[in-house]
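I opened the model to look up its sheet, its core and the surroundings of its ligands. My entries follow the order in which I looked.

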Amino acid sequence: MSYAVKEMFLTLQGEGLQAGRRAVFIRFAGCNLWSGREVDRADAQCRFCDTDFVGVDGEGGGRFADADALADRAAAFWAEGLTAPEARPFAVITGGEPTLQLDGEAIAALKARGFEIAIETNGTNPVPEGVDWICVSPKAGTVIVQTAGDELKLVWPQADVDLRALEGWDFTHRLVQPMDGVGLGDTQAACIDFVLANPRWRLSLQNHKMIGVR
Ligand SMILES: C[S@@+](CC[C@H](N)C(=O)[O-])C[C@H]1O[C@@H](n2cnc3c(N)ncnc32)[C@H](O)[C@@H]1O
Ligand SMILES: Nc1nc2[nH]cc(C(=O)O)c2c(=O)[nH]1
Ligand code: SF4
Ligand SMILES: [Mg+2]
């Protein structure tokens, strides 16, 4: 299969339990909850997205003919600036919605190059076998099928979220992340209140936005 990638880059994981870790980000193009066009945002199933995932024109993006081409490029990003073997390569697969494209071939090709694989998904499709770290970020009003994983990362506040149902899902860690773009001060305060009232949850901040990396 070929893969449409908006952008690929070496950075630090900014969010969640793995924040701070060196990572190659593969951002697949396209999402099933929003077209990515501003004119459609108000009517989309997910309306607060902070990401441009339309097309393949970003830095490091493009159409990759097969899984080997995709994984070779990711391996080249990992090795950038390294003069000696380093810790285990780490790839974060995101988008857009990465479950629309990530398949067993891509996973196998990344693993063949030594990558540990994390995914950022909205949970509306199952995550394929072989992904090492599953982060699901549910969106209100959608049907979540991926109800197990490593971290459940809820952007907060969102209306009409059934918190007790979410707490029944099989995740090792539960985090709330302030919604950006609508008044970050208020959403951060809401998240702090949330964690103080709900000790099974912790705070996730978007560190990359604070330190000025992608
Ligand atoms: C751009 S999404 C791509 C992956 C996948 N489609 C998803 O929604 O999980 C990556 C992460 O950013 C989060 N995110 C998107 N927009 C955000 C915003 N305005 N504020 C905070 N987090 C946001 C998502 O919930 C998700 O955890
Ligand atoms: N540095 C950095 N960390 C991230 N963690 C999740 C992101 C995403 O957009 O999926 C993201 C991102 O866009 N940049
Ligand atoms: S599901 Fe993810 S990529 Fe799609 S619009 Fe929402 S935050 Fe953006
Ligand atoms: Mg992002």
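The notes below go from conventions to sheet, core, loops and ligands.

**Conventions.** I am working with a predicted model, in which local features need pLDDT of at least 70, side-chain atom pairs count only at pLDDT 80 or more, and totals for chains, interfaces and linings use all residues. Residues are numbered from 1 along each chain as its sequence is written, and chains are lettered from A and ligands numbered from 1 in the order in which they are written.

**Sheet.** I took helices (H or I, at least four residues) and strands (E, at least two) as DSSP runs, numbered from the N terminus. Two strands pair if DSSP finds at least two bridges between them. I traced an open sheet of nine strands with mixed pairing, in the order β3-β1-β2-β4-β5-β6-β7-β8-β9. β3 and β9 (202-203) are at the edges with a single partner strand each, so one side of each has no neighbour in the sheet.

I then followed β2 (residues 22-28). It pairs with β1 (residues 3-12) in the antiparallel sense over seven bridges, and E7 stands opposite R27. With β4 (residues 90-94) it runs parallel, joined by four bridges; V24 has A91 as its bridge partner there. Further along, eight bridges join β7 to β8 (residues 170-178), again parallel, with K153 opposite L175.

I call a residue buried if 20 or more other C-beta atoms lie within 10 Å of its own, exposed if 12 or fewer, and partly exposed in between, with C-beta atoms placed from the backbone. Six of the seven residues of β2 are buried, so this strand is largely enclosed by the rest of the structure.

A nonpolar core is a set of buried Ala, Val, Leu, Ile, Met, Phe, Trp, Tyr and Cys residues joined through C-beta atoms within 7 Å. The largest one has 46 residues, and I26, A74, A91, I117 and I119 have the most contacts inside it. Contact means C-beta atoms, placed from the backbone, within 7 Å. Leaving aside neighbours within four places in sequence, I26 is in contact with V5, M8, A74, A91 and I93.

**Loops.** I found G95 in the loop between β4 and α2 (104-112). G95 counts as buried because it has 26 C-beta neighbours inside 10 Å. Its C-alpha is 8.3 Å from that of V5, 90 residues away in sequence.

P138 lies in the loop between β6 (133-136) and β7, and K139 is in the loop between β6 and β7 too. P138 is buried, with 24 other C-beta atoms within 10 Å; K139 is buried with 21. Not counting residues up to four places away in sequence, K139 touches L33, Q45, C46 and N122.

**Ligands.** Which residues are closest to ligand 1? They are D50, T51, N122, S137 and D180, among 18 that surround ligand 1; the test is a C-beta atom, placed from the backbone, within 6 Å. β5 (116-121) and β7 (148-156) each supply at least two residues of this shell.

Around ligand 2 I listed T11, L12, Q13, G14, E15, T51, T94, E120, H208, V213 and R214. T51 sits in the loop between β2 and β3 (62-64) and counts as partly exposed, with 14 C-beta neighbours inside 10 Å.

**Record.** UniProt, in an unreviewed entry, lists T51 under "binding site". UniProt positions are in the numbering used here, feature names are shortened, and annotations may be inferred rather than shown by experiment.

Methods:
Two residues are in contact if their C-beta atoms, placed from the backbone, lie within 7 Å.
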